[in-house]
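Open the structure in your viewer and get ready to pick out residues one by one. Each stop says what to select and what is there.

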Amino acid sequence: MEGFTALYIFMLAAFTGYEVISRVPVILHTPLMSGSNFVHGVVLIGAMYALGKADPDEPLQLLLGFVAVFLGAANAAGGYVVTERMLAMFKSGNRKEGGEK
Amino acid sequence: MSSNWFVSATYFIVATIFILGLKAMSSPVTARKGVIWAGFAMVAATVITFFIPGLQNVGLMVLAIVLGGGVAWYSGKIVKMTDMPQMVAIYNGMGGGAAAAIAAVELIRGVQHDAMTATLLVLGAVIGSVAFSGSCVAFAKLQGIMKKAVRLPGQNNVNFFLTLFTIGIGLTIGYADNPGGFEIFLFFVLALALGVVLVMPIGGADMPVVISLLNAFTGLAVGFKGFVLGNPALIVAGIVVGASGMLLTQLMAKAMNRPIKNIIFAPITGAAAESGGEVTGSIRDLSALDAASLMRYGQKVIIVPGYGMAVAGAQHKVWEMAQLLEEGGVEVVFAIHPVAGRMPGHMNVLLAEAGVPYEKIFDLEEINADFAQADVALVIGANDVVNPVARTDKSSPIYGMPILNADLAQNVIVVKRGKGAGYSGIENALFYKDNCRMLYGSAQQAVAEVITHVKALEV
């Protein structure tokens, strides 16, 4: 990719990330950290690409590519499950009637 | 060519949904929807990647996805809510590891890159490796496998030179026409060692900030990999996470009044703690019955939960007790320190799990003025976050950290397992105050006893 185009993307993405999170209430900090952890699980795509371009006759390349895909998939799947479980607890903003016994 | 266009279009939509998903996650009402959207986007991105022309080793790819995804899915499902922080740490480490492994494949394949690409490739590899090994150490610490904070002699110099040396070797490899296998190997060993050395000396109290920082690191590494692989979706997702992670880290560090550079370069260790001021006075305890009556006949009770409550899994009992007291006309609220527990918001999650409504949970700034009007501050398994030396003792390593002013309440009851110091190893002056009494026992059992007595008082 053209170097400067990428730099512009870097810059805009950085501001986006900063803006998106700046309005998050403290109560959601942990789920959000977990959620952003899930989002960078998209590294899986890069890992698949790397493994897909690895030379099938080179065991070391295959092994490393395999490890990359394995770890990327774990990041994505684990990150999703954990985030979803945490957020499931925030189901409704008004749980008053459920809480009272 | 047309299939390539389709792949690119999908990636574009995926990146957009990720950003919208993260935004949705910023409000309790839409948070769950946000992560579900992002989940669909992730699946779409993964499936469409198989359609990139010329990909080999597809069988191996599927196997790795099924294995890695399966193991993580399962472990994520069974993990206890209290162990969430270390799970986030380990999944984050895996992402960093993936980024590092991608870099390794690229380096070994010896693809020619221009200077900027090579630099980002190497930086991504270093950052990814640091995130991987650092997260493993963080996991080990939170899981209790590794208890001690180990500090090397001349730690800061070691960090500095190791970083320089690692990046130096990395750039040599990155710019080389055909880098040797040994150099590449050495480079990754050094980069991994750097992560271990960086996180090793950091005590558990600072762990939330570290996890958040490592999370941001992984994001950056992923973004850099996106540049190397020419994939804008990776760049956008990675950098957005990197930037938001940096901001989150700053917010957390600010809440602790510990600048990030202090956390990394001057961690609170046992040695530092010893230099803290002497505390005089004596510690007195009280019975569960006394605790119950103090609260039952009070007007306002503020509960300060900490890691001890999480470890004992006592949040349900605590909420049961709070409800009982409320039925008796006592006002009960929860006060949460920004870094209570092992992650910011950790306590909020646990209390939400137990069914405590948002309206009863307050931040440090919202509640601190109220302690003076409270009859009882009930501190459950929290320590450093209520230590008044942070306000008074300039020689203390936690001096200046904002704390919950539990000591200003009329009575302070501290539920605590034993007489040990807090995670930072600093003696707590609160326990020696005249208005403070200790209720010894695990949070679960102590609160259960209080509940029994509160019930008895109703009759």
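**A stop at the ring pair**

Select B:Trp73, which is partly exposed, with a relative accessible area of 40%. Bear in mind that this is a predicted model.

In the pair of A:Tyr80 and B:Trp73, the ring centres are 6.1 Å apart and the planes meet at 15°, so the two are stacked.

Next, select A:Phe10, B:Phe224 and B:Phe227. Ring pairs link these residues into a cluster.

**The wider contact**

Colour the two chains apart. Chain B brings 105 residues to the contact and chain A brings 84 residues. Together they bury about 8,500 Å², with 78% of it on carbon and sulfur atoms. Pick B:Arg32, B:Met42 and B:Tyr358: they supply 7% of the area that chain B buries against chain A, more than any other three residues.

Between chain B and chain A, the count is one salt bridge. Polar contacts there number 14 residue pairs.

Last, select helix 4 (residues 84-109) of chain B. This helix gives the most to the side of chain B that touches chain A, with 16 residues. That side divides into 68 nonpolar, 28 polar and nine charged residues.

Note on methods
Residues are numbered from 1 along each chain as its sequence is written. Chains are lettered from A and ligands numbered from 1 in the order in which they are written. This is a predicted model: local features need pLDDT of at least 70, side-chain atom pairs count only at pLDDT 80 or more; totals for chains, interfaces and linings use all residues. Side-chain values use heavy atoms; hydrogens and water are left out. Contact means heavy atoms within 4.5 Å. Buried area is the accessible area (1.4 Å probe) that two parts lose on being put together, summed over both. A salt bridge is a side-chain nitrogen of Lys or Arg within 4 Å of a carboxyl oxygen of Asp or Glu. A polar contact is a pair of N or O atoms within 3.5 Å; within protein, one must be able to donate a hydrogen and the other to accept it, and residues adjacent in sequence count only if both atoms are side-chain atoms. Helices (H or I, at least four residues) and strands (E, at least two) are DSSP runs, numbered from the N terminus. Ala, Val, Leu, Ile, Met, Phe, Trp, Tyr, Cys and Pro count as nonpolar, Asp, Glu, Lys and Arg as charged, and the others, Gly among them, as polar. Rings of Phe, Tyr and Trp (its six-membered ring) pair if their centres lie within 6.5 Å; planes under 30 degrees apart count as stacked, over 60 as edge-to-face and the rest as tilted. Buried means under 20% relative accessible area, exposed over 50%, partly exposed in between (1.4 Å probe, protein chains only).
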